[in-house]
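Keep the model open while reading the paragraphs that follow.

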Amino acid sequence: MRCPYCGNDDTQVKDSRPTEDSNAIRRRRVCNGCGGRFTTFERVQLRDLTVVKKSGRKVPFDREKLSRSVYTALRKRQVDPETVERMISGVVRQLESLGDVEVTSDQIGEYVMEGLKGLDDVAFVRFASVYKNFASADDFQSFLTDMGSDEPSLPEDRG
């Protein structure tokens with residue numbers, strides 16, 4: 001495994017253990033070149049997925065790209081990283097279990113939005129603003145109005 005700090009190929013595994021959901025192996029590593037410490041995750045990949053973009057272009061599915069977009073939406077939000085990894089693994093499992101090697105970017109976006117809605121409302125709206133290509137504040141307003149109508153209303157605080 002290449003060190004993310006110095007690029008050295010000589011790294012050593014210091015600790016391995018399964019993740020909470022047992023869908024991956026978490027490995028703590030140390031670089032023998034610079035002494036940097038980092039964590040890697042090893043996962044089972046059921047099949048090679050291909051993403052069909054809105055333009056019709058086909059690209060290989062990249063879990064890291066999915067992870068980056070989720071973490072961008074969650075930036076500066078207080079959400080446990082293990083919970084986020086479980087959500088991302090769940091999205092990937094859903095995609096792999098569709099039974100088709102080709103998935104649309106819309107399918108991925110819907111699964112991610114579903115996962116983020118359960119994790120953090122702000123991240124959900126951030127991701128939706130990019131996924132649904134909001135162009136103005138009115139787009140946010142109508143989305144938030146629609147989002148609010150999906151949830152049961154809470155009694156007013158009279159305290």
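The sulfur of C34 lies 3.8 Å from the closest cysteine sulfur, that of C6, and this is too far for a bond. A disulfide is taken here as a pair of cysteine sulfur atoms within 2.5 Å, and the structure holds zero of them. C31 is likewise in no disulfide; its nearest cysteine sulfur, in C6, is 3.6 Å away. C31 counts as buried at 3% relative accessibility, and C34 as partly exposed at 42%. Buried means under 20% relative accessible area, exposed over 50%, and partly exposed in between, with a 1.4 Å probe and protein chains only.

The model is predicted: local features need pLDDT of at least 70, side-chain atom pairs count only at pLDDT 80 or more, and totals for chains, interfaces and linings use all residues. Residues are numbered from 1 along each chain as its sequence is written, and side-chain values use heavy atoms, with hydrogens and water left out.

Helices (H or I, at least four residues) and strands (E, at least two) are DSSP runs numbered from the N terminus, and two strands pair if DSSP finds at least two bridges between them. Strand 1 (residues 11-18) and strand 2 (residues 24-31) run antiparallel and are joined by seven bridges; in one of these pairings, D15 has R28 of strand 2 as its bridge partner. The two strands form a hairpin with five residues between them, and S22 in the turn has a positive phi of about 60°. Strand 2 also pairs with strand 3 in the antiparallel sense, over seven bridges, and R29 has F38 of strand 3 as its bridge partner. This hairpin too has five residues between its strands, and G35 in the turn has a positive phi of about 80°.

Another three strands form an open sheet in the order 5-4-6, with mixed pairing. Strand 5 (58-60) and strand 6 (102-104) are at the edges with a single partner strand each, so one side of each has no neighbour in the sheet. From one strand to the next the twist averages 35°. Strand 4 (residues 50-52) is joined to strand 5 by three bridges, and the two run antiparallel; V51 has V59 in strand 5 as its bridge partner. Helix 3 (residues 105-119) packs on this sheet, touching strand 4 and strand 6, and its direction makes about 65° with that of strand 6. Such angles run from 0 to 180 degrees between N-to-C directions, the axes being lines fitted to C-alpha atoms, for helices over the stretch in contact. Contact means heavy atoms within 4.5 Å.

Helix 2 (residues 81-96) has 16 residues, which at 1.5 Å a residue should span 22 Å; its end C-alpha atoms are 22 Å apart, in agreement. The expected span is 1.5 Å times one less than the number of residues. Its buried residues include V84, M87, I88, V91 and L95. The buried residues of helix 2 pack against strand 3 (37-43), helix 1 (63-73), strand 6 and helix 3.

The structure holds seven salt bridges, each a side-chain nitrogen of Lys or Arg within 4 Å of a carboxyl oxygen of Asp or Glu. In one of them, E102 meets K58 at 2.8 Å, N to O. E102 lies in strand 6 and K58 in strand 5, so the pair ties together parts 44 residues apart in sequence. E102 is partly exposed, with a relative accessible area of 33%. R17 and D15 also form a salt bridge, at 2.8 Å from N to O; R17 is partly exposed at 44% relative accessibility, as is D15 at 26%.
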